[in-house]
Amino acid sequence: MSFTSYAQNFEDVLLWRALGHVEHGRYLDVGAQDPEWDSVSMAFYQRGWRGIHVEPTPDYARKLREQRPDEEVVEAAVSMAPGPITLHEIPETGLTTGVRSIADGHVRAGRKARDIQVPTVRLSALLGRADPFHWMKIDVEGMEADVLESWGDHPARPWLAVVEATLPNSREHSDGPWRHQLERRGYREVHFDGLSRYFVHEGKAELAEAFACPPNIFDGFVITAKHFANQRILEELEALERRADATATEVRASEAGLVATRAQLAETKSQQLSLEAERGELQAANARQKEEMAAAVASHRAEQAALNAQLAQAEEQSARRHEAVRFLSDHLETERENAEAIAIGRNVAAGAGQRGGNGGALSQSARHGRGHDFAGPCGARRRLAPAAAAVGHPRCRSFAYARLRRPRHQLSFPSQCAKRSRISSWGSRIIVAQLFRSNR
């Protein structure tokens, strides 16, 4: 089973190299911070070790309780001063300190700081809670001297001690004020990794050999993705995560847009169906209107045809009335002319009687002529012409020819009136003939 290092500067690798043979060991972590990130105790916790965590920052103390429910978490600052004391918290970092000058330096570097009040506890009180502690780590951002001074006269001696020995975020050594407190309690420095100093108690001097060289490939360990050595990879992973989040956001936005588009398409389709239904209704209404118009046109045409028939009938009746009126006018004219002819005939007869001999010739011509055959107007012309010639009067002769032409016009009307006209005309001629015979 490979060893996973969670510590910032591989402190857990060196401690495990020295104490890996111990089962179910104990540790005291002063300034524990996060339960996993840069944690010195996490690898030991995974292998069955348990210990005490001292963390005055409320957020980190809460995380430790949540993720290490079977371990003791002391939410306090280790100090000689009676609590509470002012702690300058640098949120979301491991730089929280009780030293004002250090906090001011973080503020000048652009970090935010806030003051909180925390209780205190002495190191001697913590060391009395277990015996032995196989290792003790102190990382309190400039308060190391105060922590070690609170050890007092307590006889407990952890096997190994790891103390941060540089000022926060610098290479400047800070072990001068407190180094002697470890030396006078039987500890000897065995290693310095550039950040922390490692001390072995004289009662466990054989462990010093484990610190002869820094962590290396033969320790067979791996580091987490959050380790500073993987910072570039971590940044790339974070960039990929951000990109993935952005892509996921775009995908969600696209899905939302697709849903909206589908909804809009469904609405458009619904509107289209509604429009098609309205169009069908309009077409049906149009068809009904066309049928009604066709029926109205047919009815109008029928009415127009009836009116035209009535008009034609009225025109025909009017024409007949007109013909009748004209015929009656002609008939009256004919009667008047007949009357004039009779008068002229009488006058002619009277003149013939006066001349004597000419009258006998006239009567004979009238009697032996074809005047009694009233078959038609041509015959009438043949029989009256000799009478007119016998008279010898030019007016009478022209009148006789004129009168004989009129029945030819009157015979063109096939009506009772025409028949009566013919009868009347022929009657006039008969009267003329009789007048000639009476003068014979």
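1. S9, helix H6 (residues 144–149) and S10 form a right-handed β-α-β unit; right-handed means that, with the strands pointing away from the viewer, the path from the first strand over the helix to the second runs clockwise. Helices (H or I, at least four residues) and strands (E, at least two) are DSSP runs numbered from the N terminus.

2. The model is predicted: local features need pLDDT of at least 70, side-chain atom pairs count only at pLDDT 80 or more, and totals for chains, interfaces and linings use all residues. Residues are numbered from 1 along each chain as its sequence is written, and side-chain values use heavy atoms, with hydrogens and water left out.

3. S10 pairs in the parallel sense with strand S9 (residues 135–138) over four bridges, where pairing requires at least two DSSP bridges between the strands. Leu 160 of S10 is the bridge partner of Trp 135. With strand S12 (residues 196–201), S10 pairs in the antiparallel sense over five bridges, and Val 162 stands opposite Tyr 198.

4. Strand S10 (residues 160–164) is largely enclosed by the rest of the structure, because five of its five residues are buried (under 20% relative accessible area, 1.4 Å probe, protein chains only). Leu 160, Val 162 and Glu 164 point one way, and Ala 161 and Val 163 the other way.

5. Arg 185 lies in the loop between helix H7 (179–183) and strand S11 (187–192). Arg 185 is buried without a salt bridge, the nearest side chain of opposite charge being Asp 153 at 5.8 Å; a salt bridge needs a side-chain nitrogen of Lys or Arg within 4 Å of a carboxyl oxygen of Asp or Glu. A polar atom of the Arg 185 side chain lies 2.9 Å from the backbone oxygen of Gly 152, and one lies 3.0 Å from that of Gln 181.

Key. Buried means under 20% relative accessible area, exposed over 50%, partly exposed in between (1.4 Å probe, protein chains only). Lys and Arg count as positive and Asp and Glu as negative; His and the chain ends are not counted. A polar contact is a pair of N or O atoms within 3.5 Å; within protein, one must be able to donate a hydrogen and the other to accept it, and residues adjacent in sequence count only if both atoms are side-chain atoms.
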